[in-house]
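Q: Hi! Could you walk me through this complex, starting with how you count things?
A: Happy to, here it is.

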Amino acid sequence: MTLMPPPGRRRYRTWEQQFLGEWVAQYRPDARVLTHVRLGPIRPQLQGVTLTALEFQAMGLWRRWADALVILPDRLELVEAKILQSPTQNAQLELYAHLFPDTPELAEFRGRRLDKLALVALEDPAATFMARSVGIQVVVWRPPWIDEWMAARDARQRRAPRFESSGPAR
Amino acid sequence: MAIESPYELLELADGASLRIHVERWEEGTSPVTPRDGRPAKVVRALRLHVPRADKAMFPWYWDLTSQTLIAQLLPMLPGIRDGKRLVTITKRGTGPSARFAVDVAGASPAT
């Protein structure tokens, strides 16, 4: 019997789950917190299509899910966490906020203010600029192990994000 | 360091939930034998001790071995170990790609 991981292989770590969990514990310690939150209606609207029970169950697995929903007395916070900020985070949050009112499991929270939070450790100024333009709050928090995470990246992934547009391909 | 036997591995079906209060916890390793034919191995484990009211029979704990679940839950445990906050763990999917949703109740009834 061997201890995971086998010698010589990179250790698997769930960095972003840890990142989110530590931020929640530190900054939202008393709030109700839901992680891996499925969003949207349970059954997609498919006109004229008949599905078996198993097919419906499979479609349920396709629902989008947000990293976390923090429930505060005066508002909700929809959180998408990425160590390295990405513009896709903005699109995800916008989509999740759009799906939120149609989520039956969260019906009790409809009507509360919903804030969209992009939680990041390494900021991409261009993504932040885009986020603010669509009402997404960018929260930059560096966990104490960020240097360890950086060391585990490939060298090309350690470059700082660039703000300028790369322009059309030539 | 390994958590001591007997082991009580948490095994949930897709969509099933476990509702518990956490009184204390232990981190360590635990042997697991995947049912899909992969070889036995030792993985990081988290043992959650629960009140007797939360579990039908001995032992009064659950052993978690899902690495994604441990990563989600472990940082939040210091704030919920007093046993007063309900923790609901729901499994989504099956096999190695299964993921877990966690719902930690607020510290005050207002939330």
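Predicted model: local features only at pLDDT ≥ 70, side-chain atom pairs only at ≥ 80, totals over all residues.

A: A polar contact here is a pair of N or O atoms within 3.5 Å; within protein, one must be able to donate a hydrogen and the other to accept it, and residues adjacent in sequence count only if both atoms are side-chain atoms.

Q: Thanks! How many residue pairs are in polar contact between chain B and chain A?
A: Seven residue pairs, with both residues at pLDDT 80 or more; pLDDT is the predictor's confidence in each residue, from 0 to 100.

Q: Which elements of chain B touch chain A?
A: Those giving two or more residues are β2 (24–32), β3 (41–49), α1 (67–73) and β6 (99–104) of chain B. Helices (H or I, at least four residues) and strands (E, at least two) are DSSP runs, numbered from the N terminus. The largest share, six residues, comes from β6(B).

Q: OK, how much area do chain B and chain A bury between them?
A: About 2,200 Å², 59% of it on carbon and sulfur atoms. That is the accessible area (1.4 Å probe) that two parts lose on being put together, summed over both. The contact (heavy atoms within 4.5 Å) takes 27 residues from chain B and 26 residues from chain A.

Q: What does β6(B) pair with?
A: Strand β2 (residues 32–39) of chain A, in the antiparallel sense, over three bridges; pairing needs at least two bridges found by DSSP. A:V33 stands opposite B:V104 there.

Q: And how many salt bridges are there across the interface?
A: One, with a side-chain nitrogen of Lys or Arg within 4 Å of a carboxyl oxygen of Asp or Glu as the rule. B:D103 forms it with A:R32, the closest N and O atoms being 2.5 Å apart. Over all chains, the search finds nine salt bridges. B:D103 lies in strand β6 of chain B and A:R32 in strand β2 of chain A, so this pair joins two chains.

Q: Switching topic: what are the ipTM and pTM?
A: The predictor gives the complex an ipTM of 0.87 and a pTM of 0.82. Mean pLDDT is 90 for chain B and 83 for chain A.

Q: Where is confidence lowest in chain A?
A: In strand β1 (residues 2–3), at a mean of 44. Over residues 1–8 of chain A the pLDDT is below 50.

Notes: Residues numbered from 1 in each chain as written. Chains lettered and ligands numbered in written order. Heavy atoms only, no water.
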